[in-house]
Amino acid sequence: MNILILNGSPAGDSSITLQTMLYIEKFFPEHRYELLNVGQKIKALEKDFSPAGRMLEEAELIVFCYPVYTFLVPSQLHRFLELMKERGPDLTGKFATQISTSKHFYDTTAHEFIRENCADLHLACLRGLSADMEDLLKKKGRKEALDFFRHVLWAAEHGLSEDIPATAHRTGPLSKATVPESGREPSPQGTIALVADLEEGNEALDAMVRRFMKVSPYAVRLINLRDFPFSGGCLGCFHCAADGTCIYKDGFDCFLRENIQETSATVYAFSIRDHSMGSRFKMFDDRQFCNGHRTVTMGKPVGYLIDGDLSAEANLRQLIEARAQVGGNYLTRIAGNEADADREIDALAAELEYAVSNGYQQPANFYGVGGMKIFRDLIYTMQGMMKEDHRFYKEHGFYDFPQKRKGTILGMYLVGAMMNSEKLSRKLGANMTKGMLMPYRKVIEKAKPEKMNAS
Ligand SMILES: Cc1cc2nc3c(=O)[nH]c(=O)nc-3n(C[C@H](O)[C@H](O)[C@H](O)COP(=O)(O)O)c2cc1C
């Protein structure tokens, strides 16, 4: 087979992910492999896509090889996908698969994103490999890589692609937001950063943004990502790991800290493109890696203005919720324009006002708790290099390792020992649940409703 490797890592030949593919190549020499460093060469490919077009045309199997970057793929690969759709050849019926490396933090949303885009391109998608970045260094990881590729070749031979069932799309037009003549008097109790990917001529999103600015309870600082002079997407160079400064000199790190992080709430606005927020917005997301894994806006509510068929985008909705969860941000509302844009936008404004004025927060769910456990373990191991992250995690008590809960562990040993004895176990019986409930009962007994506002 002619196999084309699309290397989405901005690290190019030095990509860790690519090493897995190079390892695989050695064991399957009967195929012809071509490599295109799309992550590193994206600017050249934007100017001239023809070399990529030729390679895509010749390929029988396309391998998306990439590091997971902020829940998805690097912005450079996002951009390449846009170019593939705009300028690439017809790929109908060719096979595609994916190899990623990561710490398994939302590798699931990244893989689904690639699958959805393969479906758009009429590629026959074969099950991918999501490896930990160190897997290739272990015998088990190497075996899994080879087993994966053997399965890909077998599935291709038997035509067993993983086609995504078509989602029912809305048939009518989207609702257009209207902009009231006069707006609300903004309360001085807060400010909102409205970060938008607002392309010229995007009337639908423009109307949503303008209505929100009129109905917002607080003054809005509009930041159009189209106006920011980004030098490029995150390079994954880890220059920022020690002190938080980015290798690019375009000033984004300072801009982010001074103009976005300082407000009382953040609203993100974009039109759905290629099952995500589009490559420009993704560049903004990836570049926030200058904050490392620090949840610097923890406690601050977020909201969204989204133009497009959001109900058909389960992966994107999951990503949005997960993102807020991991950041410790209360997700107030995703205001869309599928049904009644005005009502949605007004509801978002009301929810934001409630969240900011009441300091409303919610406990993290699985997305937040699970995600933070991965970060906790990662930063603890990498503390020597990720100095800023380590300091932040110590300061905020994020190192909540279960092995530190010596009292609970000992207590459980005691209960276990008692349960080993039939006599004691029988005696414990119903008292067990009573005992477990005791501390909760105490909380209720001690509760003083008259002090609710003070606590
Ligand atoms: C900007 C950036 C974002 C990242 N986001 C994630 C992520 O969301 N989930 C994850 O598990 N790892 C994440 N990583 C870690 C990379 O996926 C991991 O280091 C990968 O193995 C790098 O592969 P490469 O050398 O091929 O680029 C991120 C790294 C960078 C630099």
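**Figure 1. Who lines the second largest pocket.** The lining of the second largest pocket in this predicted model comprises ten nonpolar, ten polar and four charged residues. Here Ala, Val, Leu, Ile, Met, Phe, Trp, Tyr, Cys and Pro count as nonpolar, Asp, Glu, Lys and Arg as charged, and the others, Gly among them, as polar. The second largest pocket holds about 510 Å³ of space. Of its 24 lining residues, Q325, G328, P363, A364 and G368 are the closest to the centre. Two helices, α10 (314-327) and α12 (366-381), each bring at least two residues to this lining. Pockets and cavities are found on a 1 Å grid over the protein atoms alone: a cavity is a set of points where a 1.4 Å probe fits but cannot get out, a pocket is an open set with protein on both sides within 12 Å along at least five of seven lines, and lining residues have an atom within 4 Å of a point. Points are joined across faces, edges and corners, and a volume is the space filled by probe spheres set on them.

A quick word on the model: it is predicted, local features need pLDDT of at least 70, and side-chain atom pairs count only at pLDDT 80 or more, while totals for chains, interfaces and linings use all residues. Residues are numbered from 1 along each chain as its sequence is written, and side-chain values use heavy atoms, with hydrogens and water left out.

**Figure 2. The largest cavity.** Three cavities of 30 Å³ or more turn up in a search of the whole structure. The largest cavity has about 100 Å³ of space. Its lining counts 14 residues, and C234, C237, C240, C246 and I247 are the closest to its centre. By class, the lining of the largest cavity has ten nonpolar, two polar and two charged residues.

**Figure 3. The second largest cavity.** About 50 Å³ of space lies in this one. Among the residues lining the second largest cavity are I16, T20, T101, D132 and A145. Two or more lining residues come from each of α1 (16-27), β6 (129-132) and α6 (139-157); helices (H or I, at least four residues) and strands (E, at least two) are DSSP runs, numbered from the N terminus. With three residues, β6 gives the most to this lining.

**Figure 4. Helix α12 against helix α13.** The axes of α12 and α13 (residues 387-395) lie 10 Å apart, at an angle of about 120°. Axes are lines fitted to C-alpha atoms, for helices over the stretch in contact, and angles run from 0 to 180 degrees between N-to-C directions. This angle makes α12 oblique to α13; under 35 degrees counts as roughly parallel, over 145 as roughly antiparallel, 65 to 115 as roughly perpendicular and the rest as oblique. In the contact, M372, F375, R376 and I379 of α12 meet D389, H390 and Y393 of α13, where contact means heavy atoms within 4.5 Å.

**Figure 5. Helix α5 beside helix α10.** Helix α5 (residues 107-120) and α10 cross at roughly 155°, and their axes come within 10 Å. That makes α5 roughly antiparallel to α10. From α5, the contact takes T108, T109, E112, F113 and E116, and from α10 N315, Q318 and L319. Two nonpolar, four polar and two charged residues make up this contact.
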